[in-house]
Amino acid sequence: MAAISGKVVQHVLVAHCCQQNRQLSTQYRKDCCTPYRHNFLPHIRGKLTSTDISTIQLRTFSKFNRGIVCCNAAPSATIIPSIDKGAFLKLQNGSDIRGVAIDGVEGEPVSLPERVTEAIAAAFAAWLLDRKKPDASRRLKVSIGHDSRISAQKLQDAVSRGLDAAGVDVIQYGLASTPAMFNSTLTKNEDIFCPVDGSIMITASHLPYNRNGFKFFTNVGGLGKVDIKDILERAADIYKNFTDEGLRDPQSVKRVDYMAVYTSDLVAAVRKASGDIEKPLEGFHIVVDAGNGAGGFFAGKVLEPLGAITSGSQFLEPDGTFPNHIPNPEDKEAMEAITRAVLDNKADLGIIFDTDVDRSAAVDSSGRELNRNRLIALMSAIVLEEHPGTTVVTDSVTSDGLTTFIEKKLGGRHHRFKRGYKNVIDEAIRLNSVGEESHLAIETSGHGALKENNWLDDGAYLMVKLLNKLASAKASGLGAGSKVLTDLIEGLEEPGFAVELRLKIDQNHADLKGGSFRAYGEAVLQHLSNIVDSDPKLEKAPVNYEGIRVSAYGGWFLLRLSLHDPVLPLNIEGPNKEDAVKLGLAVLSAAREFPALDTSALDKFVQV
């Protein structure tokens, strides 16, 4: 069997030890890193080969009937193509890593092959060792889970090899949700090797089937942008020292059914809210649409034990080609699919998840969608009942009507921040740290996190909060069916017309003059700001953290620069299309001055 050479492992650990100061002398690096080579991999002596296949061991634990399996898999050995640090850094997508994992789409070459994945995993292990600083007698534990993507298994194997090469114990969960992976860093149960020190979720959310990526967690939450950049820089250093023979497979991989633990916690939360009734949802008909992602567990493992009828649920089977619709609560086709399922089955409620279950939305019995501003309003109503006066943190594209609803009807405070679920969550945490109470951070995308749930954006937990409301209302004799929920958002003012347009920046256009798309986009925003200042009909938002937000003609627009792409998204809401067009014309008057900006979508909207 092919094996990792001592030299390769040495470089994995060098990257771990010396990342903090790349300017250290060669002699200091050698002195610094030698103890790690000895302590973490004492068995490395030149080249290791493994001809013994360990016996599969199975242990079963009674409470959840969990299996823990230790076994070996096959090795990989391929010729290593040259990949520079820039290519690694391009894999960063905010606080995630994303790339093309398989061939099949013209013009999209693979950017996340197995050997790159091995390097990223080893780099995460090195980063984790820096943070945890375990003594030499303890090996760190990292759990791995994945969604339904067709590249999931090969990437899970590659992650396992990378972690093992860096001296970390590997625990595979198989098909799992992103929230469950974070939870595994908090669960205290030695029988299932919890809490783990770190966790990796293999997912690319709702992106097409050929993509995949990674989210990373410790017990303090998901890693941020700076951490991801650090890991990718380490990975590039590790990768360039790989040999062609490949990393060996782990001698022992533990496999745990952690989703049994996670779902039992969700069930327990609903029972507790109802006053410890065993089947508090008995009589409710609730359909689930998992979009062939990882969320199919919710029907059989959460709703049915609580007594709910789930007939009519659809697309629960994992299928990484996503043959029915994109698993995305913001997608029009996806929301139409769950709405049809509710109406066709005369269900009380419909629930839909994205691929990895960190986002969700609902549909009431009449077919009314409870997503975007409505979901935020509903969650705000529930949380403000529990925590009167608390601040609700949202992303930047929420409506003015939502602000009025939260502040005037519910008595809370609406803190509109930036796009990006991590931005919204981090801002809520920051507000609490400076004395402003916040219990809810939620995006229009369906990412929502609660303080009571360790600020984890968990689509399943959001839906559990809705179920809690249904169960407690029924137990108290206050009503049944989804009307209990829709009554909570009565009075929410909604726009008569809303649209989102995307103005792309041509990075090859001469007008950029060699500059970055970000600098060009900022120039567009500044020019628009100047125009707004000179027009008395246009009023800038007094507090704004992203782009230019302007109110006029009974509505508003927000033009901002995308977090990652050369795009200026434009959101417009108005009482009708005519007034929305007036807002669009105000933006177009500024955008026309920038020839590298593609305004065709805006031109079409205003019918110029």
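A salt bridge is a side-chain nitrogen of Lys or Arg within 4 Å of a carboxyl oxygen of Asp or Glu. By this rule, Glu 114, Arg 115, Glu 118, Arg 161 and Asp 249 are linked in a network.

The model is predicted: local features need pLDDT of at least 70, side-chain atom pairs count only at pLDDT 80 or more, and totals for chains, interfaces and linings use all residues. Residues are numbered from 1 along each chain as its sequence is written, and side-chain values use heavy atoms, with hydrogens and water left out.

**Exercise 1. State how many helices and strands the protein has, and what share of its residues is buried.**

Step 1. Helices (H or I, at least four residues) and strands (E, at least two) are DSSP runs, numbered from the N terminus. The protein has 18 helices and 25 strands.

Step 2. Buried means under 20% relative accessible area, exposed over 50%, and partly exposed in between (1.4 Å probe, protein chains only). Of the 608 residues, 56% are buried.

Step 3. A contact means heavy atoms within 4.5 Å. Among contacts with a separation of 6 or more, 71% are between residues 24 or more positions apart.

**Exercise 2. Find the salt bridges of Lys 85, Asp 130 and Arg 372, and describe where the partners lie.**

Step 1. The whole structure holds 36 salt bridges. One of them joins Lys 85 to Asp 237, with the closest N and O atoms 3.6 Å apart. Lys 85 is in helix α3 (residues 85–89) and Asp 237 in helix α7 (residues 225–239), 152 residues apart. Lys 85 is partly exposed at 32% relative accessibility, whereas Asp 237 is buried at 13%.

Step 2. Asp 130 forms a salt bridge with Arg 234, and the closest N and O atoms are 2.6 Å apart. Asp 130 belongs to helix α4 (residues 114–132) and Arg 234 to helix α7, so the pair ties together parts 104 residues apart in sequence. Both Asp 130 and Arg 234 are buried.

Step 3. Arg 372 meets Glu 330 in a salt bridge of 2.6 Å, N to O. Arg 372 is in helix α11 (residues 372–386), while Glu 330 is in the loop between α9 (297–303) and α10 (332–344), 42 residues apart. Arg 372 is partly exposed, with a relative accessible area of 29%; Glu 330 is partly exposed at 32%.

**Exercise 3. Determine how the rings of Tyr 520 and Phe 594 are arranged.**

Step 1. Rings of Phe, Tyr and Trp (its six-membered ring) pair if their centres lie within 6.5 Å; planes under 30 degrees apart count as stacked, over 60 as edge-to-face and the rest as tilted. The count comes to 13 aromatic pairs.

Step 2. The ring centres of Tyr 520 and Phe 594 are 5.6 Å apart and the planes are at 85°, so the pair is edge-to-face.

Step 3. Tyr 520 lies in helix α16 (residues 517–533) and Phe 594 in the loop between α17 (577–591) and β25, so the pair ties together parts that are 74 residues apart in sequence. Tyr 520 is buried at 7% relative accessible area, and Phe 594 is buried at 13%.

Step 4. Elsewhere, Phe 124, Trp 127, Phe 214 and Phe 216 form one aromatic cluster.

**Exercise 4. Describe the surroundings of strand β13 and name its partner strands.**

Step 1. Five of the five residues of β13 (residues 360–364) are buried, so the strand is largely enclosed by the rest of the structure. Ser 360, Ala 362 and Asp 364 point one way from β13, and Ala 361 and Val 363 the other way.

Step 2. Two strands pair if DSSP finds at least two bridges between them. Strand β12 (residues 349–353) runs antiparallel to β13 and is joined to it by five bridges. Gly 350 stands opposite Val 363. Six residues lie between the two strands of this hairpin, and Val 357 in the turn has a positive phi of about 70°.

Step 3. Strand β14 (residues 369–370) is joined to β13 by two bridges, also antiparallel. Here Val 363 stands opposite Glu 369. The hairpin of β13 and β14 has four residues between the strands, where Gly 367 takes a positive phi near 90°.
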